[in-house]
Amino acid sequence: MFTSKSNVVVEAWNTTTTQTQVQTPHRPSLIHPTFYWSYNCEVLFHGWPGSSRSMYALALIFVFSLAFLAEWFTRCSDAAASIKPEADKVAKVAFRTGMYAVKSGFSYLVILAVVSFNGGVFISAILGHAFGFVVFRGRAFRNVGRVDG
């Protein structure tokens, strides 16, 4: 907070001045209105991954894993629909609700990561969802190991 000559408080992010106000410094921001390609970003948490390339690579792997696991939980919730009919209905509903909640949480974390507008994070999320879809829900791997006769 800075005080001008007329004792008016000026916020740090206000860069407008009049003749009686003291120029305030510009508040640095990592929020971008468009996609950008830099390893210096913030993903999900304040200060993470920072300006380290290795931490940025870890963040990309983390986002990829979140998207991949979101696809896995989608497959698991589809499989949960075929739980034994004699199972307790309340237990079935509780299990399916829990699976859906975890899948939704992972999906929302991926969305929040993409909102960082970092191009690498966006591509990592897309690849994680695509790879998860191919592995868990794609038809290409469902018939592997089967012998039709």
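1. Let's start with Glu-71. Leaving out residues up to four places away in sequence, Glu-71 touches His-129, Gly-132, Phe-133, Phe-136 and Arg-137 (contact means heavy atoms within 4.5 Å). Glu-71 sits in helix α1 and has a relative accessible area of 10%, so it counts as buried (buried is under 20% relative accessible area, exposed is over 50%, partly exposed is in between, with a 1.4 Å probe and protein chains only).

2. A word on what you're looking at: this is a predicted model, where local features need pLDDT of at least 70 and side-chain atom pairs count only at pLDDT 80 or more, while totals for chains, interfaces and linings use all residues. Residues are numbered from 1 along each chain as its sequence is written, and side-chain values use heavy atoms, with hydrogens and water left out.

3. Now the overall layout. Read from the N terminus, the order is β-β-β-β-α-α-α. Of the 149 residues in the chain, 26% are buried. Taking contacts between residues at least 6 apart in sequence, 49% join residues at least 24 apart.

4. Next, have a look at α2 (residues 89-114) and α3 (residues 119-136): their axes come within 8 Å and cross at roughly 150° (axes are lines fitted to C-alpha atoms, for helices over the stretch in contact, with angles from 0 to 180 degrees between N-to-C directions). That makes α2 roughly antiparallel to α3 (the label for angles over 145 degrees; under 35 is roughly parallel, 65 to 115 roughly perpendicular, the rest oblique). On the α2 side the contact is made by Val-110, Ala-113 and Val-114, and on the α3 side by Val-121, Phe-122, Ala-125 and His-129. By type, these contact residues split into 6 nonpolar, 1 polar and no charged (Ala, Val, Leu, Ile, Met, Phe, Trp, Tyr, Cys and Pro are nonpolar, Asp, Glu, Lys and Arg charged, the others, Gly among them, polar).

5. What is in the largest nonpolar core? It has 14 residues, and those with the most contacts inside it are Cys-41, Val-43, Val-63, Val-110, Ala-113, Val-121 and Ala-125 (a core is a set of buried Ala, Val, Leu, Ile, Met, Phe, Trp, Tyr and Cys residues joined through side-chain atoms within 4.5 Å). Helices α1 (53-80), α2 and α3 each supply at least two of the core residues, with the largest share, 5 residues, coming from α1. As for Ala-125, its contacts beyond four places in sequence are Val-63, Ala-67, Val-110 and Val-114.

6. Apart from residues up to four places away in sequence, Val-43 touches Trp-48, Pro-49, Val-63, Ala-113, Ser-116 and Val-121. Val-43 and Leu-60 are 17 residues apart in sequence, and 9.2 Å apart in space from C-alpha to C-alpha.

7. Finally, a check on backbone angles. Most residues other than glycine have a negative phi. Leu-44, in the loop between β3 and β4, has a positive phi of about 70° although it is not a glycine; its relative accessibility of 26% counts as partly exposed. Phe-117 has a positive phi near 60°, lies in the loop between α2 and α3, and is partly exposed at 29% relative accessibility.

Key
Helix = DSSP H or I, 4+ residues; strand = E, 2+ residues; numbered from the N terminus.
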